[in-house]
Amino acid sequence: RVVEEPSTICNVKSSSNYQGLRTQLKNLARLWGYNDVIIPGVTRDGQVIVTEMSGANLFLVKDGLLITTPPSRLILPGLTRDNILTLAKIIAKELGLKGVKEEYFTIEQMLNADELFAVGSAAKVTPVCQVDTYNNAKNRFEPNSIGNGRPGKVTRAFQAAYFFIERGEAFAFDHSNGRPAKPTVLTEFVDHVVKVDIPASR
């Protein structure tokens, strides 16, 4: 748990607090058989919220809203996060999103999200389909599926769009064979991504 206090510096990548804490936690998570760790934080008014993963920012989708933790001393606001926010403003309508918000969210809100995904230089856009939480009474981790336990429509659309943009491409899809067709504007491309069940790894 990290606390939003002047002594806590998580928004500077080179700080020892950022590097040391996250490296240790991720190593510990891997020893337990997990991919990564989600770090809770405490705001100055005492609210316990979700900050980020060890090296990636988090986005959740709930009831048509795309939400991510706002910039603060609790997170490192990454470039990929900024790019996803910019992309979201362009394609929100095509994805059926009602809005994009930068606001704190709790662990309970995260566990009850429709979709959850991580973004970062290494993570790119990675679906988070299960978050296990520790049950102190039972002395064990218990699984919690996010949504239906599979990458959701919004996550897959951002993932596909991000990879195409990273390669300098933006394609529509030919519905007859599911393959990229002629280049098109990004909003048209994403509209096809949403309508066609494209594998998340594409």
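## Getting oriented

Helices and strands here are DSSP runs, with at least four residues (H or I) for a helix and at least two (E) for a strand, numbered from the N terminus. Keep in mind that this is a predicted model.

## Where two helices cross

Now look at helix α2 (residues 79–95) and helix α4 (residues 153–166), which pack with their axes 11 Å apart and at an angle of about 120°. Their crossing is right-handed.

On the α2 side, the contact is made by T80, I84, L87, A88, I91 and L95. From α4 come K153, V154, A157, F158, A161, Y162 and I165. Sorted by class, that makes eleven nonpolar residues, plus one polar and one charged.

## Salt bridges

How many salt bridges does the structure hold? There are five. In one of them, the side chains of K62 and D114 meet at 3.8 Å, N to O.

K62 belongs to strand β4 (residues 57–62), while D114 is in the loop between α3 (107–111) and β7 (115–120), so this pair ties together parts that are 52 residues apart in sequence.

Technical notes. Residues numbered from 1 in each chain as written. Predicted model: local features only at pLDDT ≥ 70, side-chain atom pairs only at ≥ 80, totals over all residues. Heavy atoms only, no water. Axes fitted to C-alpha atoms, helices over the stretch in contact; angles between N-to-C directions. Left-handed = near helix turned anticlockwise from the far one by under 90°. Contact = heavy atoms within 4.5 Å. Nonpolar A, V, L, I, M, F, W, Y, C, P; charged D, E, K, R; others polar. Salt bridge = Lys/Arg side-chain N within 4 Å of Asp/Glu carboxyl O.
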